[in-house]
Amino acid sequence: MDIISQNKRICHLIAKQLWEGLDDDERLELEEWRLSVPENEVLYRKLTNRENVSRYVEKRGAIDVKKYAVAYDREIGLGVRGRINKLWGYAAAILVLCVVGATIWMNELKNNEADQLAQMTIEPGRAKALLVLDDGREIELDDHKASKILEASGIVIVNDSSRVEYIPALKTGEKETLNKIIVPTGGEYNLILSDGTRVYLNAESVITFPKYFTGDRREVFLEGEAYFHVTASKEHPFIVKTKDMDVMVTGTEFNVKAYPDEMNVQATLLQGAVTVFSGFEKKEKVEIKPNQQAEWYRDSVKVRVKEVDPDLFMAWKNGRFIFRQDRLEDIMRTLARWYDVEVVYLNESVKNMLFAGKLDRGEEITPILDVLRATDKLSVDVKGKKIVIGLK
Amino acid sequence: MDIIAGINEKNNRVFKTFFEKNFSSVVMFADKYLDDMEVAADIAQECFIRLWHGNMTFESEDKVKGFLYTTARNLALNELKHDAIVARYVQKGMLESEVYLRDNVVEEEVYAIIYKAIDELAPQSRKVILLSLQELSNGEIAEKLGISVNSVRTLKQNAYKKLKGLLKDYFYLLFLLDFTSLP
């Protein structure tokens, strides 16, 4: 057995002892180990010394992983060389398109499904969005050329092209013009409004907002999911309008989820205080406090407030998916938005199976599907961009 | 792709992810021998490069990590050979012993679990936990962060509750299943 497997159990027992203590059986097991040879007791004492833990955390936090990762990527052919490969990939894709075009032209849609499926791969989402200006011009925000066009209108794209920033108006009296950002399936994007409010947009989301805020209220309209970090201003309440629910704040951090294809609309609060308006003509008013969530049920036309762990609802913003006893259908809907896939169920009952887990949004979808397969209760087939799930 | 299959098939994306996940642990491990974080990082880098260019196959992720640790240890001991002072005065036997290797592996594996759990906390809770690890009292933490003692207490409670949940994932696999909903 290797050195890690040999010691795994002990490692887990000590780690558990450090944070939450052990139950009686576990404590007995650990004590037996400690007593077996003197070296074990010495090691145990060293590891459970708080000062040691604290020094470790500090030291490890200072490691510049990114710096070394760049060099490593180059070594394994993902870095600079990887980019060239990617270019060849594009060239090949164009060639394929040409060939496909020619074939269609010659044979009139001789459909070869298998070939097309083989070319499709499932990849995690990335920063991409479309900006629609008030004059109707559409600009791809992940395009490098976009920044030049926008600079003239007082809008800045940050060089990594993952976020767009509106510079506050220099002169007052400018009339309010609306801009719109559309984040497609498999995308995410960050926006800084002219008042400094930060908005993180999730996949399949549309936000409409004024280029500069002029009136008493700061109003934006949202469809989909976004996390807001609102710049405080008591005199100018900030309102996120959605189809079924409006969320009003003066300065705070919160998440709003209002997808048209989901049964519920949620506002989850991390800090500050917000007022939620829902119901008939949005006249039903509810105030929520940090760690609370207001949820609007579209089917029963009711709003309900409950205590939640806000981190679960904001994990996406930090590059993670966290599921805690969630329905498979809900999990797959979230994944489909990010990985740009379609999910088909062969049996209705599987939709209600519950899963929990933490996943990195930057990783491929395959390990997740493997876990579903590992249950031995589900069949999971991938056909191009379609995932077919059924009972085994 | 399955991690172990990806590593055996030399899939560069799997390697990238594996590197990001484990690089710090190998650095911390090598540092235990060298007490020099920069040299430790260079050595860790070298270990991952050898993993990529090598032609071994592994049965499990633990075996891959075992390979990285033992390579790091050998490189570190080699490095120390050049260090005349260490060679002359330090008990070389201790550094080269199997017990010392075992102790360092266990320390790294335990602390990596704790580190990753703390790393998942919200920024304010993390600060509170780190300060309390330095044996600061709630009052001292409150003063340092400019918040009330009550908030410190709440943040601490929340953090411990959260850590409990996070550590759970290490004990019972990544995914928990509930088949009661099945017909």
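Modeller: Helices (H or I, at least four residues) and strands (E, at least two) are DSSP runs, numbered from the N terminus. This is a predicted model, in which local features need pLDDT of at least 70 and side-chain atom pairs count only at pLDDT 80 or more, while totals for chains, interfaces and linings use all residues. Residues are numbered from 1 along each chain as its sequence is written, and chains are lettered from A and ligands numbered from 1 in the order in which they are written.

Biologist: Where in chain A does A:Thr242 lie?

Modeller: Strand 11 of chain A covers 238–241 and strand 12 covers 245–249. A:Thr242 lies in the loop between strand 11 and strand 12.

Biologist: Is A:Thr242 buried or exposed?

Modeller: A residue is buried if 20 or more other C-beta atoms lie within 10 Å of its own, exposed if 12 or fewer, and partly exposed in between, with C-beta atoms placed from the backbone. A:Thr242 has 23 other C-beta atoms within 10 Å, so A:Thr242 is buried.

Biologist: Which residues does A:Thr242 touch, not counting residues up to four places away in sequence?

Modeller: Two residues are in contact if their C-beta atoms, placed from the backbone, lie within 7 Å. A:Val265 is 23 residues from A:Thr242 in sequence and 8.8 Å away in space, C-alpha to C-alpha. With residues up to four places away left out, A:Thr242 touches A:Leu222, A:Glu223, A:Val256, A:Ala258 and A:Val265.

Biologist: Why is A:Gly125 counted as buried?

Modeller: A:Gly125 sits in the loop between helix 7 (113–119) and strand 1 (126–127) of chain A. Not counting residues up to four places away in sequence, A:Gly125 touches A:Gly186, A:Gly187, A:Glu188, A:Ala203, A:Trp338, A:Tyr339 and A:Asp340. A:Gly125 is buried because the number of other C-beta atoms within 10 Å is 20.

Biologist: Which residue of strand 16 of chain A stands opposite A:Ser278?

Modeller: Two strands pair if DSSP finds at least two bridges between them. Strand 15 (residues 274–278) and strand 16 (residues 284–288) of chain A run antiparallel and are joined by five bridges. They form a hairpin with five residues between them, and A:Gly279 in the turn has a positive phi of about 75°. The residue opposite A:Ser278 is A:Glu284.

Biologist: Which element of chain A gives the most to the side that touches chain B?

Modeller: The interface has 53 residues of chain A in contact with 56 residues of chain B. Helix 1 (3–19), helix 3 (38–47), helix 4 (50–61), helix 5 (65–75), strand 21 (354–360) and helix 11 (366–374) of chain A each supply at least two residues of the side of chain A that touches chain B. With twelve residues, the element that gives the most is helix 1 of chain A.

Biologist: How many residues of that side of chain A are nonpolar, polar and charged?

Modeller: Ala, Val, Leu, Ile, Met, Phe, Trp, Tyr, Cys and Pro count as nonpolar, Asp, Glu, Lys and Arg as charged, and the others, Gly among them, as polar. On the side of chain A that touches chain B, the classes come to 27 nonpolar, eleven polar and 15 charged residues.

Biologist: What pattern does chain B follow along the sequence?

Modeller: Chain B has ten helices and one strand. Of its 183 residues, 34% count as buried. Read along the sequence, the pattern is α-α-α-α-α-α-α-α-α-α-β.

Biologist: Why are helix 3 and helix 4 of chain B called oblique?

Modeller: Axes are lines fitted to C-alpha atoms, for helices over the stretch in contact, and angles run from 0 to 180 degrees between N-to-C directions. Angles under 35 degrees count as roughly parallel, over 145 as roughly antiparallel, 65 to 115 as roughly perpendicular and the rest as oblique. The axes of helix 3 (residues 37–53) and helix 4 (residues 61–81) of chain B come within 9 Å and cross at roughly 130°. Helix 3 and helix 4 of chain B are therefore oblique to each other.
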